[in-house]
Amino acid sequence: MIPKTFKEVIDLGDGRTISIETGKLAKQAHGSVVVQSGNCMLLCTVVSNYKASDVDFLPLTVDYREKFAASGRYPGGFFKREARPSDGEILTMRLVDRVLRPLFPKDYHAETQVMIQLMSHDENVMPDAMAGLAASAAIQLSDFPFECAISEVRVGRVNGELIINPTRAQLEESDIDMVIGASADSVMMVEGEMGEISEEDMVEAIKFAHEAIKEQCAAQMRLAEAFGRKEVREYETEAEDEALEKKIREMAYDKVYAVAKAGSAKQERSKAFEEIKEEIKAAFTEEELEEKGDLISKYYYKAEKAAVRDLTLNEGLRLDGRKTDEIRPIWCEVDYLPSTHGSAIFTRGETQALATVTLGTSREANQIDMPSYEGEETFYLHYNFPPFSTGEARPIRGTSRREVGHGNLAQRALKRMIPEDCPYTVRVVSEVLESNGSSSMATVCSGTMALMDAGVQLKKPVSGIAMGLISEAETGKYAVLSDILGDEDHLGDMDFKVTGTADGITACQMDIKVKGLSYEILVKALKQARDGRLHILKKLTDTIEAPRPDVKPHAPKMVTTVIPNEYIGALIGPGGKVIQELQKATKTTIVINEDPVTEEGIVEILGTDQAGIDAVLAKIDSITFKPEVGSIYEVKVIKILDFGAVVEYMEAPGNEVLLHVSELAWERTDKVTDVVNMGDVFDVKYIGIDPRTKKDKVSRKALLPKPEGYRERPPRNDRNNRGDRKDRSGQRRPQKQSRD
């Protein structure tokens, strides 16, 4: 018997709906829902252990996976089974995690797992836009201590009209692609890319998305009430000691304030803070440290955070001595690495990124093979964050989710500035060499300069800046911080990264930690970010004003040409013989793709030697050469025959044609060598296809003046007509009799 189900439907206002259903699947999970829009179905389950883990943080795992069966496909590769998550899945996990994590109590330490699975795919529905809704809806059906319902939506803008959860086709025409996460009361997360939009347009899109999220949060609450809301579980909370907290604040606050106000460098400041902490711990006995050591550390960091925040709010000063809108010193350099196709260093304060650019053919495109999307990227960016960049020693175990996320943000910041007619596949790699605040924005800046250094004709240079916010609800005081440090990232109420050109925003990533942030403060923060971006942008253009007019001498030159479909096989040759020998002889790389619409062959030629590229182009011209009737061509004699000369078109070596003895001259030619010889070069006229031989016909005599008194010879009888033959006397020859 099918169990009773509970369902809520959300109307998106344009004929589309999203349904949330529970009661049928995965009932042993602490909460489970199926979210459906069109034929797209997500199953989300949540489970949290009842016993706390022995850690001082929330061990939350958000896992999002797309099943290939959902779109009726097999996984690629040798093993026909889904394995490690793709970058696209990791990015969706991060989007959901960033909204959920702050809403669990700070002292809740139970192992918690949120699993979201794409079970059925619809090509007109992008599933990642519903993952946050699915996660929150499942949690609302559980007994987890969780602050409030949230949801996430994607917002696009096509022809000036904002759209909630646009289709992929609509998104290709949109100048906005943002995912917004929020509760009914507050916006909590924004991430996306834009086509150089204004700050006001960005805020308008966020407001539009928030209205849709409010409806989705209300639907979750209705579903939970209908299903039967569970009592929130009891859990072991962290021990508190108000007297101890007060004592440590009194011991630490003033000293921390003084160090913070001194405006020292990162390592010097960290050492001073550590000395204050050790001094405080020394005031306690070993027994007290053993019993309350964790609380002492916790209260010290709480006092440190309060002192640093107060310094900024009260005096407008920051940890490194800067004012709130001041940018750290910047220095840049391009063409640093001699063998790369492009390189640049961007250093801002204690953050440094070295970017490299590699140019290749379409063969090097990044292939994307997900159940919800198949395609390729001809521009992509990879971000590496080694432990030495923060002065740490720790093992490297593959690419982290953070590296995937930061690289994707920088890629989205730059990709709309790559010209549509760029013939190359372009890979940018950012190596973070130092980090103290926003290495992802340093990646955008170094990536911009490296692309320009490589000769990629960027439409406009892009810069990026990380911003912060410190606010005090009781007094209404707040401070927007430009170019935040790593420490300010942790102690602030909002951190957001904004990238753009001189004309508008190209990407953003925003995490808002304070409830009820006003849109007025958000607009102010974005405008302050614009001032910072333009300041940084000038530093970039002072270093390299515009893209280099051409690629570097050692970098490959790319030429693209189009050939008719019927010549693709001739260029490849039997078993690839022609193209392989051509690549070897010219030291080039040749890639042939077929246009899916016109079916023409798109030939990419990549090589460092222009002479080699020219040789390939000449060969292609030779293979695809097709003479025009009435045109005159220069030819060279390459073979002498009894009945004519074989000539080769000079402009298309390898293309031969027979020049018949009768077309050599107006006078009767008894011997071919009386008129032409091996190696002779002269002009001929292309007559067309000879109706008798069905072969190309050319004439030398057609270009010569007729001799005076020349008389046309009467046409010969058709020798193939054997039905009416006569002998030399004019008598008819007897017909041969059949032997039957």
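How many helices and strands does the protein have? I count 14 helices and 29 strands, taken as DSSP runs numbered from the N terminus (H or I, at least four residues, for helices; E, at least two, for strands). The model is predicted, so I note that local features need pLDDT of at least 70 and side-chain atom pairs pLDDT 80 or more, while totals for chains, interfaces and linings use all residues. Residues are numbered from 1 along each chain as its sequence is written, and side-chain values use heavy atoms, without hydrogens and water.

Overall form. The C-alpha trace spans about 140 × 70 × 45 Å along its principal axes.

I find 50% of the 740 residues buried, meaning under 20% relative accessible area with a 1.4 Å probe, protein chains only. Of contacts (heavy atoms within 4.5 Å) between residues at least 6 apart in sequence, 68% join residues at least 24 apart.

Helix H1. I checked residues 87–100: the 14 residues should span 20 Å at 1.5 Å a residue, counting one less than the number of residues. The end C-alpha atoms of H1 are 20 Å apart, which agrees. Twelve of the 14 residues are buried, so H1 is largely enclosed by the rest of the structure. Among them I list Glu 89, Arg 94, Asp 97 and Arg 98.
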